[in-house]
Amino acid sequence: MHLVDFVSGSFAGACGMAVGYPLDTVKVRLQTQKQFTGIWQCATTTFLKEGVSGFFKGMALPVTTIAMTSSVTFGVYRNFLHCLSQLRGGGANTRLDVALAGMAGGIAQTSVMAPGDLVKVRLQCQTESKRGGPVRPRYRGPVHCLVSIMREEGVRGLYRGALPLMLRDGPSYATYFTVYSSICDAMTHTDKTRPGWGVVMLAGGVAGAAAWAVGTPMDVIKARIQMDGARDVKQYRGLLHCITQTVHTEGARVFYRSLWINCLRAFPSNMVVFMTYELLTDFLRVRTETEDMPYVVMD
């Protein structure tokens with residue numbers, strides 16, 4: 001088992017989330033609250049009403065959980081890729097192997113990610129300011145939010161939105177790793193066994209944007225199910241009902257309402273993710289000079 005990938009993935013995920021979190025808050029609010037009409041209007045309203053801290057609401061718990069989920073994603077991906085290689089007698093991995101391994105990593109991490117993601121969305125959509133006002137915030141922080149959900153909805157409530165999360169992350173991570181590996185291979189000179197760090201960062205940024213292009217529609221549904229009933233009367237009976245009601249009331253374009261900001265956030269965030277991952281893996285792993293790099297691409 002490749003344990004180094006679990007360690008590198010955890011640090012890489014935490015760094016990437018810290019970079020992209022402010023835009024993630026804007027994204028979630030655009031997806032779930034009709035009072036926000038655009039990225040700039042949402043960002044300025046948030047800043048004027050809640051200050052800079054408003055963009056970082058609910059970050060403490062997700063940073064902790066993202067370290068675990070990224071560890072699972074990269075660790076499962078690497079080991080799944082190794083298993084596929086072993087099944088064919090140690091041969092080189094194909095693009096299909098990369099996609100399947102990426103999908104396995106994406107689906108596996110949802111079991112760890114779901115509770116923290118729910119808390120993150122609930123806190124990000126809490127627009128009341130702690131600095132004073134006629135209405136006080138419902139949740140005092142990540143731990144209070146987590147405990148409140150467990151008390152009101154039970155342990156099962158922590159996994160509200162887990163199915164659309166899985167349907168989002170499976171295809172997204174298949175795209176993520178496939179695009180990353182393809183760009184690294186295409187931009188690495190034939191006389192070199194490993195791409196330069198500029199290529200790693202570019203490939204990571206493009207891969208992140210491509211993954212969100214695939215995952216944004218289901219991300220909208222996930223956020224709406226997670227917020228359903230938290231502020232007002234419960235609207236959706238399940239995943240399919242949420243999809244049909246959303247299309248009926250707002251049209252299919254709503255699924256890509258936050259695509260631009262998702263890609264804008266994903267590019268720098270995933271540049272940091274892959275740069276951190278590859279640096280730490282390179283530092284921690286004892287390897288031969290003939291071993292291929294980057295490790296996330298091929299076994």
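Here is a short tour of this structure, with something to select at each stop.

**Before you start**

You're looking at a predicted model, where local features need pLDDT of at least 70, side-chain atom pairs count only at pLDDT 80 or more, and totals for chains, interfaces and linings use all residues. Residues are numbered from 1 along each chain as its sequence is written, and side-chain values use heavy atoms, with hydrogens and water left out.

**Stop 1: the whole protein**

Show the cartoon for everything. You'll find nine helices and zero strands; these are DSSP runs numbered from the N terminus, with helices being H or I of at least four residues and strands E of at least two. The radius of gyration is 20 Å, close to the 19 Å that the globule rule gives for 299 residues, so the protein is as compact as a globular protein of that length. That radius is taken over C-alpha atoms, and the rule is 2.2 Å times the number of residues to the power 0.38.

Now try colouring by burial. Buried residues make up 52% of the 299, where buried means under 20% relative accessible area, exposed over 50%, and partly exposed in between (1.4 Å probe, protein chains only).

**Stop 2: helix H7**

Select residues 197-227, which form H7. Where does this helix bend? Look at Gly215, where H7 bends by about 55°; a proline, Pro217, follows within four residues. The bend is the angle between axes fitted to the seven residues ending at a position and the seven starting there. Of the 31 residues of H7, 23 are buried, so this helix is largely enclosed by the rest of the structure. Step past the helix to Gly229, whose phi is positive, near 85°.

**Stop 3: Thr178 in H6**

Next, pick Thr178, in helix H6 (residues 162-186). Is Thr178 buried or exposed? Thr178 is buried, with a relative accessible area of 19%. Not counting residues up to four places away in sequence, Thr178 touches Arg95, Val98 and Ala99; contact means heavy atoms within 4.5 Å.

**Stop 4: Glu153 in H5**

Finally, jump to Glu153, in helix H5 (residues 142-157). Glu153 is partly exposed, at 27% relative accessible area. Which residues does Glu153 contact, leaving aside its neighbours within four places in sequence? Show Arg122 and Arg160, and you have them.
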